[in-house]
Amino acid sequence: MSAINDVLALVRPDLQAFAGYSSARSAAVQGDVWLNANESAWANPADASGASRRYPEPQPGALRAALAALYQVQPDQLLLGRGSDEAIDLLVRALCVPGRDGVLVTPPVFGMYAVCANLQRAPLIEVPLVDNAQGLRADLDAVIATAKARSAKLVFLCAPSNPAGSDIALAEVERVAGALRGQALVVVDEAYVEYAGRASATTLLGTHANLAVLRTLSKAHALAAARIGTLIAAPELIAVLRRCQAPYPVPTPCAELAVQALQPAALARTAERVATVIAERERLRAALAGLPGVRRVYASAGNYLLVRFADAQAAFDTLLAAGVVVRDQRAAPQLDDALRISIGSPEENDRMLAALSARRAAA
């Protein structure tokens, strides 16, 4: 069996020939008078351009081309959607038979993998991160062994990991994909890869059809409100997922904004800001580690730091009193003393440090 047939065999049998919904915009027709989608003939009074009265392209062509160039893949390898969340949900629904096919995750990790698995009634398989001198890291030998033993259909590798900050080398990603070929789709969530200083796992797609990569414009590209996420995978799998997707996932104003954000001048400015975040991340890591009451600051490949405190509640309250909001991680497994601190601007970071330093001085 070919690698492509291997990955298509992972799709739920009842969806392999599923046609999905054929929307008015999916038909390849042209004309001057559009009367096929039951749209209003007039623009909304608040819409100066009038563009919003028309349904958007299901997969906006200009945005697909811009993202394909950015990620150095082919347009037919891309599925655009409402952030990475939609792609995660589509993968679980399209591949996992409820009550049978498992979803493997590595907690503490991004919670949407578990949410989507639970909504689909897909068994959730957990292989916890291992806390050692190198950080909170994925045990990939355990991931492979557990995926095989418990018939996982989807394996999510968050790299860089949120909230741990640890990364996974591409050689290790390749090892997992190779070990699980024919059994599972390995999904590498690279929401923060721009801050990691390494090549993307998309470079492995040519040799591993059972590999998929999640990317987003929400983080490094500062378009969180636009909700533009991308799944990159074998074209044959992308075609199946498109048939399972809602008809118009990307609003026209969001697509147009994203295309502008991917022009050379904007990309150059984004690269400068990524470099600033990386420098600030290392500055903050050293500064936080020197504060009394800080137990550990984990190395991070993302735009955040995971910090353990002797009294995490007091640290959280102190920051909140100073108007600084951080993420309380204490409900997550292994993190009952931890906060996650996003890297802000240098001025915002100084304000956060000043608040924690003032508390320690007062104590």
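Biologist: What is the relative accessible area of F110?

Modeller: This is a predicted model, in which local features need pLDDT of at least 70 and side-chain atom pairs count only at pLDDT 80 or more, while totals for chains, interfaces and linings use all residues. Residues are numbered from 1 along each chain as its sequence is written, and side-chain values rest on heavy atoms, with hydrogens and water left out. The classes are buried (under 20% relative accessible area), exposed (over 50%) and partly exposed (in between), with a 1.4 Å probe and protein chains only. F110 belongs to the partly exposed class, because its relative accessible area is 25%.

Biologist: How many aromatic pairs are counted?

Modeller: Rings of Phe, Tyr and Trp (its six-membered ring) form a pair if their centres lie within 6.5 Å; planes under 30 degrees apart are stacked, over 60 edge-to-face, and the rest tilted. By this rule the number of aromatic pairs is 4.

Biologist: How are the rings of Y55 and Y248 arranged, stacked or edge-to-face?

Modeller: The ring centres of Y55 and Y248 are 4.6 Å apart. Their planes make an angle of 15 degrees, and the pair is stacked.

Biologist: How many residues apart in sequence are the parts that this pair ties together?

Modeller: Helices (H or I, at least four residues) and strands (E, at least two) are DSSP runs, numbered from the N terminus. Y55 is in the loop between helix 1 (3-8) and helix 2 (61-71), and Y248 is in the loop between helix 7 (235-244) and helix 8 (252-261). The pair therefore ties together parts whose separation in sequence is 193 residues.

Biologist: What is the relative accessibility of Y248?

Modeller: Y55 is partly exposed, at 39%. Y248 also counts as partly exposed, and its relative accessibility is 21%.

Biologist: How are the rings of F110 and Y113 arranged, stacked or edge-to-face?

Modeller: The centres of the F110 and Y113 rings are 5.6 Å apart. Because their planes stand at 85 degrees, the pair is edge-to-face.

Biologist: Which residue forms one aromatic cluster with F110 and Y113?

Modeller: Y113 is buried, with a relative accessible area of 0%. Y113 and F110 share one aromatic cluster with F156.

Biologist: Which residue has its charged end over the ring of Y304?

Modeller: A charge sits over a ring if NZ of Lys or CZ of Arg is within 6 Å of the ring centre and within 35 degrees of the ring normal. Here the charged end is 6.0 Å from the centre of the Y304 ring, and it belongs to R340.

Biologist: With which side chain does the side chain of D167 make a polar contact?

Modeller: D167 is in the loop between strand 6 (152-158) and helix 6 (170-179), and it is buried at 18%. A polar contact is a pair of N or O atoms within 3.5 Å; within protein, one must be able to donate a hydrogen and the other to accept it, and residues adjacent in sequence count only if both atoms are side-chain atoms. At 2.7 Å, the partner of the D167 side chain is that of R198.

Biologist: Which residue is joined to P107 by a cis peptide bond?

Modeller: Omega of this bond is about 0 degrees.

Biologist: What is the phi of R227?

Modeller: R227 is found in the loop between strand 8 (211-216) and strand 9 (228-232), and it is partly exposed at 33%. Although R227 is not a glycine, its phi is positive, at about 60 degrees.
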